[in-house]
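Please look through the sequence and the structure shown here before reading the report. The sections then go from one contact to the whole chain and back to single residues.

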Amino acid sequence: MESSPAPPTASPVDWDLAASTAARLCAAGPRFTRHQAEREAAGLRRAADVSVEHVHRITRLEAARDLRDSEVLVLDRPTWARANVGAFSTLLAPAFEHVQQARPAEYARATQGLGTAATALEAGAVLAFMSSKVLGQYEPFCALPGPDGTSTGPEGGRLLLVAPNIAEVRVELNVDPEDFRLWVCLHEQTHRVQFAAAPWLREHLQANIMELVSGMFDKVDTLPERLSARVRALLKGPEADPQSVEEGRGSAELGTDDHPASMGLLELIQDPEDKKRLARINAVMSLLEGHANVVMDAIDSSVVPTVKTIRQRFDHRTSTRSSVDRWIRRFMGMDAKMQQYRDGQRFVKHVVRELGMDGFNVVWASADNLPGEQEIHHPEQWIARIRGQD
């Protein structure tokens, strides 16, 4: 007699509720006629395809020659939010299973009562807000086994392009449609190439996230107090933390206590060990985002004729956000995300200047070659370490 498959691990998050909440709360985007929607989608797919050649030329990574194991999806806002709920459930599935086995009592408390619904509602609200901000995203985890043990996407991951957001920003900036689409796709396709060049990276990130989530459950009983302190600090408004009002003027060291009001929601449930775990993840994300920005900056008018105009207007748009928008971004830790772009970009530029692009590309050879948090801010230390290995 065949045994029945094991039931899926109970989750501290009601993922179905998170997906429906996100879809319900998504702000309405620009209206398209069917013809306009088809033209926008076709333009984005064309830009995604054309961008690969330029990423290959700039990065000198052979992995960029053939990306046929991935797919490009052009989405609306609710579909993007649902896709990210699926990505989160897949990414966190092994972490939840590990915690359930290692800390059954703490895990049981986290998966009972109204907690799973409250977490789902919060996650849905955050994704709904993000759905109107994200232009594109590479999603590498869809090929991993989810809570039910099956994967939902191709081995090479998915490139998600949020058509209404790209169109809305393009119209707001008043820039050339084809140039702007290509400019956005260059960044996101670089992420696809990174994971293709380092096939171990996806599992490496998931393993680090599993450690972080496991550590968080040790402090599950202190979450309400940390949440209250966080909300009290933020309710003082932007004036409480003037250095973090203007993006980029907060602490250069992510995960420190220098500017507590600029920290994201994850800071609510981290002790020093958790911060070390998060620092490792932050270092990798800074590397990935900074590298993609360097690729974008290497594009000149021979590829994107209006690139100078796009950069100037996009940067101006970022610097003129409303105080409410800045407050929400600070609460969600999005200012830390912007800091990742800047820190990583400085690191990559410094290394490429010293070692050349081929010298920098050893970073994709193994997890041992990834920069640590300290090295992201001091790239000369990473260079010395890599030279010492040679």
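Which side chain is joined to that of E289 by a polar contact of 3.1 Å?

## A polar contact

The side chain is that of H187, which meets the side chain of E289 in a polar contact of 3.1 Å. This comes from a predicted model. E289 is found in helix α11. With 6% relative accessibility, E289 counts as buried, because the cut-off for buried is under 20%.

## The chain as a whole

The protein chain has 16 helices and three strands. Of its 390 residues, 47% are buried. The protein chain exposes about 18900 Å², and carbon and sulfur atoms supply 54% of that area.

Contacts can also be sorted by distance along the sequence. Among contacts in the protein chain with a separation of 6 or more, 81% are between residues 24 or more positions apart.

## The nonpolar core

The largest nonpolar core contains 85 residues. W80, F180, L287 and F360 are the residues with the most contacts inside this core. Helix α11, which covers residues 272-297, gives the largest share of the core, nine residues.

W80 can be followed in more detail. Leaving out residues up to four places away in sequence, W80 touches L75, L127, M130, S131, V134, Q137, L160 and V162.

## Two residues and their neighbours

T190 has its place in helix α7, which runs over residues 177-197. Its relative accessibility is 1%, so T190 counts as buried. Residues up to four places away in sequence are again not counted: T190 then touches V55, H291, A292 and V295.

L73 belongs to strand β1, residues 71-75. Its relative accessible area is 27%, so L73 is partly exposed. Apart from neighbours within four places in sequence, L73 is in contact with R158, L159, L160 and L161. L73 and L160 are 87 residues apart along the chain, but their C-alpha atoms are separated by 5.1 Å.

## Aromatic pairs

How many aromatic pairs does the structure hold? There are five aromatic pairs. One of them is formed by Y138 and F195; this pair is tilted, with 5.5 Å centre to centre and 50° between the planes. Y138 lies in strand β2 (residues 136-139) and F195 lies in helix α7, so the pair ties together parts that are 57 residues apart in sequence. Both Y138 and F195 are buried.

Ring pairs also link F180, W183 and F314 into a cluster.

## Cysteines

How many disulfides does a search of the whole structure find? The search finds zero disulfides. C26 has a relative accessible area of 14% and is buried. C142 is also buried, at 2% relative accessibility.

## R385 in helix α16

R385 is found in helix α16, residues 379-389. At 27% relative accessibility, R385 counts as partly exposed. Not counting residues up to four places away in sequence, R385 touches D368, N369, L370, P371 and E375.

One of these residues, D368, is reached through its backbone: the side chain of R385 comes to the backbone oxygen of D368 at 2.8 Å. For E375, the distance between C-alpha atoms can be given. R385 and E375 are 10 residues apart along the chain, and their C-alpha atoms are separated by 9.7 Å.

## Two loop residues with positive phi

R60 lies in the loop between α2 (34-59) and β1. The phi of R60 is near 60°, which is a positive value in a residue other than glycine. R60 counts as partly exposed, at 49% relative accessibility.

N174 has its place in the loop between α6 (163-173) and α7. The phi of N174 is near 60°, again a positive value in a residue other than glycine. Is N174 buried or exposed? N174 is exposed, with a relative accessible area of 61%. The cut-off for exposed is over 50%, so R60 at 49% counts as partly exposed while N174 at 61% counts as exposed.

Notes:
Residues are numbered from 1 along each chain as its sequence is written. This is a predicted model: local features need pLDDT of at least 70, side-chain atom pairs count only at pLDDT 80 or more; totals for chains, interfaces and linings use all residues. Side-chain values use heavy atoms; hydrogens and water are left out. A nonpolar core is a set of buried Ala, Val, Leu, Ile, Met, Phe, Trp, Tyr and Cys residues joined through side-chain atoms within 4.5 Å. Buried means under 20% relative accessible area, exposed over 50%, partly exposed in between (1.4 Å probe, protein chains only). Helices (H or I, at least four residues) and strands (E, at least two) are DSSP runs, numbered from the N terminus. Contact means heavy atoms within 4.5 Å. A polar contact is a pair of N or O atoms within 3.5 Å; within protein, one must be able to donate a hydrogen and the other to accept it, and residues adjacent in sequence count only if both atoms are side-chain atoms. Accessible areas come from the Shrake-Rupley method with a 1.4 Å probe; for residues, only the protein chains shown count as cover. A disulfide is a pair of cysteine sulfur atoms within 2.5 Å. Rings of Phe, Tyr and Trp (its six-membered ring) pair if their centres lie within 6.5 Å; planes under 30 degrees apart count as stacked, over 60 as edge-to-face and the rest as tilted.
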